[in-house]
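Here is a short report to read alongside the coordinates.

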Amino acid sequence: MVSTVAKSSGMPGNGQFKIGIDTGGTYTDAVVYCPTTETVVAKAKVSTTHGDLGICVTHALTEILTNGAVPPEHICLVSVSTTLATNALVEGGGRPAGLVAIGLEETVTARRGLDHLLPANPILRVAGGHSPHGLEVDPLDLALLNDWLLLHDSRVEAYAVVGSFSVRNPEHEIITAEAIAEWTGKSVTLSHELSGQLDAPKRAVTALLNARLVPLIHELIAAVERSMVGLKIACPLMVMRGDGSLVSSDFVKAKPIETILSGPAASATGAAALNSITEGVVVDIGGTTTDVATITGGLPASAPSGARIGGHETMVNAVRVHTEGIGGDSHIQPTPLDDKAISIGPRRVTPLVIACSERPEVQVMLEDQINRSVARESDGIYLWLLEHDWATQSTGEATIIAALQASSVGRAYEDVVSSGLERNALNRLIGLGIVGMTAFTPTDAAHVLGVDKRYPAEPAGLGSILLARQLDRFGKPLASDGSLFAELVLKLVSAGIAETILTAAADHDGLPVAHLNSALKAQTHAATRPGSRKFLDVTAEISGAVTAVGAPAVLHQDQLGLKLGTECIVPEHSEVANAYGAATGVIRLVKETVVSAPRRGLFRVHAGEPSNYYDLKQAQAFAEQDAAAALSLGMAAAGSGEFVISHDWEIHEALVETRQLFVEAVLKSVAVGSPV
């Protein structure tokens, strides 16, 4: 395990300190923050131990407490941000879950990408559902539920329930969830509790993804709590959500999907604070992903229609972030059949330099493959078992598990996988965290070039040579030597990050991505066209500085500045920006309430069971009272003692024959407070 620690001299403040922790896909960061002096007292970065997160959390906490000279009893709050949920969705991970769809036809559940989730997550469609005004359309029919649960319960870890117009009346969702919980005892996600939007397929995707993430977040919280107990840290534990706000650990256990983009939200707020900016673009370059957000008015811009991550459209209120599977530990692979000879990510693997320090057998494999005269596509890839008691789900999985069980230290890829069926099975096992993999990464490329010196560089050098001699689609080697291949990798990574930054800026400005892509293609074509004199200048640049954070940020700082036509700033403490953002966060809850008009003169407030009024102001007053009561309970559950609630109405009307006709009113209520 690698760690880096820094501390300040002396212990400022009044003896009350906050700890921020970020558990990333590659590293776990921690800081001790003094609210009185607004300074970082100590910071640490350790390798994330995916098999047992408690190990890396304990290590990081021990380092910062010891080196910061801060007694455990002086810690008043521990806050955690995490990329676990984000990485799980990007890499296709998460645990299997079942979905019950109420009153939704098969054609409906095939939309919004839900059909891509269903092969691995069983679905049951039952009769029921409500109208847009909250009236029951069909009676709820759960006759098939018990048989379906009996068939699938052994292979799923949680459930999700989505009902037609359940945001206008959640009765059928609640009844179904109670039946599932009573029969299985497992966690059940209700779609109406995650979002108040009408789009049922999108709510279904959100609820199902949430159910798949429940076990992962429970494991993380339990690991942090065990670490705190072991170190005698007795204070509240908070978790950062994807909108950049904090909630209590108990609050987030039922809604883990709200932690998607938790890491990017923490890094965006942390980067803005570290660089003292109120407007600009921030990019967090991690081990698994690169996340880009824009800052407006000192806060990260939010995604109005919900976060999109790993190809999934969700209804999660989160920062407006563009996430790409590009990071320091992204898997570098030759792609001889594509226009691009090299693919980067999105899978995260263990860099060769790290794997060889833990498994000498990996270097033996690299040396043997170097001595072969013929290059193979699987060169430089090594596998090992992380979970030895896995119950295989297919013949492909059984073959892979059996091959890896034959060696306690792991085996070369070519000795484990021999068919496309087995390759698909391996991808699933890696996504589930059953099998570990090492291969060449940008981290290895940095070691080859000497810009990263944390580990012995020889394994990276061997890996770069193995990939350099791979052939492109024209039958030519990818590079003449390992160093040139490593340079190519880092340039491609910088180019991918720059393109993500430009895409995020275009999205913020309302420019369609297709238009940006056209400009980028024209820019590339103009740059490669022979001839010195050109009358058309096609450029895509960022106005204003870009703030880059994350451990690999300094490796790409200069290239990003050149490619984006602006200054790229890497502020102090940038390597722990996520943890800094977690330590300085506040609690913020939002509730939306809809008032509809089933007919002229009747106003229906959709808050739990719908309530009818014949006066709009009375309906609005009730909506505000109900929202305030719900938010008060929510803020208490989220861990806030004192808070302020504000209300904002948006009235929708239609012009009918020169008269304004009321359609609906939407109340947005916001509560903001500090952790207890």
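## Around glutamine 660

Setting aside neighbours within four places in sequence, glutamine 660 makes contact with Glu653, Ala654 and Leu655. Glutamine 660 belongs to strand β30, which covers residues 659-675. This model is a predicted one, and in it glutamine 660 is exposed, because its relative accessible area of 51% is over the 50% cut-off for that label.

## Around methionine 228

Is methionine 228 buried or exposed? Methionine 228 is buried, because its relative accessible area is 5%, under the 20% cut-off. Its place in the secondary structure is helix α7, residues 200-230.

Beyond its neighbours within four places in sequence, methionine 228 is in contact with Val78, Ile233, Cys235 and Leu237. Glutamate 279 sits 51 residues from methionine 228 along the chain, and 37 Å separates their C-alpha atoms.

## The whole chain

Stepping back, the chain holds 20 helices and 30 strands. Its radius of gyration is 26 Å, close to the 26 Å given by the globule rule for 676 residues, so the chain is as compact as a globular protein of that length. If you are setting up a view, the C-alpha trace spans about 85 × 65 × 60 Å along its principal axes.

How much of the chain counts as buried? The share is 54% of the 676 residues. Among contacts with a separation of 6 or more, 67% join residues 24 or more positions apart.

## Surface and charge

The chain exposes about 29,000 Å², and carbon and sulfur atoms supply 52% of that area. On the charge side there are 49 positive and 73 negative charges.

## Confidence

Mean pLDDT for the chain is 85, with 92% of the residues reaching 70 or more. One stretch to look at with care is residues 1-14, where pLDDT stays under 50. The model still has 43 contacts beyond four places in sequence for residues 1-14. Where pLDDT is low, predicted coordinates should not be read in detail.

Key
Residues are numbered from 1 along each chain as its sequence is written. This is a predicted model: local features need pLDDT of at least 70, side-chain atom pairs count only at pLDDT 80 or more; totals for chains, interfaces and linings use all residues. Side-chain values use heavy atoms; hydrogens and water are left out. Helices (H or I, at least four residues) and strands (E, at least two) are DSSP runs, numbered from the N terminus. The radius of gyration is taken over C-alpha atoms; the globule rule is 2.2 Å times the number of residues to the power 0.38. Buried means under 20% relative accessible area, exposed over 50%, partly exposed in between (1.4 Å probe, protein chains only). Contact means heavy atoms within 4.5 Å. Accessible areas come from the Shrake-Rupley method with a 1.4 Å probe; for residues, only the protein chains shown count as cover. Lys and Arg count as positive and Asp and Glu as negative; His and the chain ends are not counted. The place of a charge is taken as NZ of Lys, CZ of Arg, CG of Asp or CD of Glu. pLDDT is the predictor's confidence in each residue, from 0 to 100.
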